[in-house]
Amino acid sequence: MQRKDDVTLDIGRLGPGFDSGDWPTDSPDYPRRQFQRRDWLCLNGEWRFAFDDDRRATHPSQIPEWDRRIQVPFAPESPRSGIHDEGFHANHWYEREFELEPAPGRTLLHFGAVDYTARVWVNGVLVGGHEGGHTPFSLDITDALKPGGTQTVAVWAQDDPADIAKPRGKQDWQLRPHGIWYPRTSGIWQTVWVERVPDVYLDRIRWTPDLSRWEFDLAAYVHSHERIEGLDLELRVRLSVDDRILADDSYRIVDNEVHRRLALSDPGIDDFRNELLWSPEKPTLVDAQIQLVAGGSVIDEIRSYTALRRIALQRGRAMLNNRPYYMRLVLDQGYWPDTLMTPPSEEAIIEDIRLIKAAGFNGVRKHQKIEDPRFLYWADRMGLLVWEEMPSAYRFTHEAVERLVREWMEVIDRDSNHPCIVVWVPFNESWGVPDLPDNEAHRSFVQSLYHLTRTLDPTRPVIGNDGWESTATDILTIHDYDDDPERILRRYGTAEDLTLRDAVMRGFPSGRVLTLEGHPHSGQPVMLTEFGGIAYSPPEEGPDGVWGYSVTSSSGDLQERYAKLISAVSRVEALGGFCYTQFTDTYQEANGLFFADRTPKFPLEGMRKATHGTGLSTDYGYNFTPGN
């Protein structure tokens, strides 16, 4: 042990090398694969639970009886939680014990997501809280720990089911799901865990790949419990792909920060370059080992990863790694029947991505949901493009603006390092800003969030308002649920002609203008980002509960109609990509290509061919396949 200005440093705890000890990479519960440490404790599992509908308690000691047990991290509305209560409950209380002996350094308590506000106590001491239902937060609980080893954590989660001025996405405000909205997700719905860190530790990192310079920009930030002067700190960074070392450097830390460009040797010819580039077809990840060193000894170490890839827009096309890339996306609500928004397991995430790719898609538009970081990790690793979309509020108020801006900034901060994310979408279909055409405040909000997003991350395209009424966007997106392939072709054109321009300027899909006055289409790529929505469920289920934009009565008819629609869309050469609605049936919405249990509604091979525009006989005439 060594002391510096009365701050204890656990010097030498990790040893001098990069390879000492085991890492939790293969643990199915490990929640943060881009910022891994060895020393952690998962708190998922059984917790005591109570509703407090009358809001009588403001401290866990005031709960008269913990009358239920819940399986964290599943929301109490879900069957898997053991509660399965979809009623209106605004106050949720949780409590459990865990074994942890106090130790040198600091102890952090992490929550992946708690909907909507949370207050947290450890051993009866209030240690902090958070507002925002889709983003993580961390609390330093060191001073609240007891010496005995048995610690008690309690959480008060508040989530007003009727409040539509907060970001809530597809969570219904009515008692029973209706239309395109689903059961609510309240309280803890992502992993809870404890992590040990030294008094001086790595707080966060930011990777920014630069393909034009063949390098990575690394920003690393160090946190200290108390101010430390004169401590000799440096950062050691090793980048590798498999067993090949790409960089191995050390940098002096100044003012608790490091900002460096890690330049790689340019492999030269494309064949060699492509081996290091990330794409859905070849998702190469660059492993990163990062050590914080004080006085020559390692005091903190993390494992991370990044990737060399560039997403850009040029001449009306999306460019991936400086080559035109046609995006074949599917709309993904991210729900499971037994667990709602929480993935039931790591295997379930992997299976979803496998099925999406097997069906011929190279990406997803995550709709009205900020996905579990483990999904983004597997999308990085397996190769799947992700459009990340902010869950909407449904009223325009001063409080709604504050809430959405704050949480969206946390989303960007959490997920910017993921190479799979290629587009940010702060608004969908004017939800929360319903008077965009003639309300200056609504237009200003969309424009400001577009520019804020571009400010926080200038490396990715931003769609200000997906679907219609565009006022600030890098990609002009269209939602059009016309199920007639011939009309789709007539509306948007089969070649580079004036048809698409006419559709953008004068078309009214879903009764909405595509661009607002004063904001005409100015050469951005155009994509059809919602269409299809053809509902089918087995006849024995009856007509009740079957909802879609159109309905078919058989699996074979669904396959034929899907193939015709995709083939027609593929022939519109002016479109730079599409997003079909949707991946799976989700509650009353039976318009998935897969049932809710992930069973395909028609053979996967036929689905894959249709998705690529080759699922029809040539006599129909729609067999154009856009290249990558």
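## Strands and pairing

Two strands are taken as paired if DSSP finds at least two bridges between them, and the strands themselves are DSSP runs of E with at least two residues, just as helices are runs of H or I with at least four residues, each numbered from the N terminus. The model is predicted, so local features need pLDDT of at least 70 and side-chain atom pairs count only at pLDDT 80 or more, while totals for chains, interfaces and linings use all residues. Residues are numbered from 1 along each chain as its sequence is written, and side-chain values use heavy atoms, with hydrogens and water left out.

By this criterion, strand β22 (residues 311-314) and strand β23 (residues 317-320) run antiparallel and are joined by four bridges, with leucine 313 having alanine 318 of β23 as its bridge partner. Two residues lie between the strands of this hairpin, where arginine 315 takes a positive phi near 50°.

## A four-stranded open sheet

Four strands in the order β3-β14-β7-β11 form an open sheet with antiparallel pairing. Its edge strands, β3 (40-42) and β11 (137-140), each pair on one side only. Three bridges join β3 to the antiparallel strand β14 (residues 192-197), and tryptophan 40 has glutamate 195 in β14 as its bridge partner.

## Glutamate 215

Glutamate 215 lies in strand β16 (residues 215-224) and, at 5% relative accessibility, counts as buried (buried means under 20% relative accessible area, exposed over 50%, and partly exposed in between, with a 1.4 Å probe and protein chains only). Not counting residues up to four places away in sequence, glutamate 215 touches several residues, including Thr208, Arg261 and Leu308, where contact means heavy atoms within 4.5 Å.

## Salt bridges

The whole structure holds 47 salt bridges, each defined as a side-chain nitrogen of Lys or Arg within 4 Å of a carboxyl oxygen of Asp or Glu. One of them joins the side chains of arginine 403 and aspartate 163 at 3.0 Å, N to O. Because arginine 403 lies in helix α4 (residues 398-415) and aspartate 163 in the loop between β12 (150-158) and β13 (187-188), the pair ties together parts that are 240 residues apart in sequence. Both arginine 403 and aspartate 163 are buried.

Aspartate 332 and lysine 366 also meet through their side chains in a salt bridge of 2.7 Å, N to O. This pair links strand β25 (residues 327-332), which holds aspartate 332, with strand β26 (residues 363-366), which holds lysine 366, 34 residues apart. Aspartate 332 is buried at a relative accessible area of 1%, and lysine 366 is buried at 2% relative accessibility.
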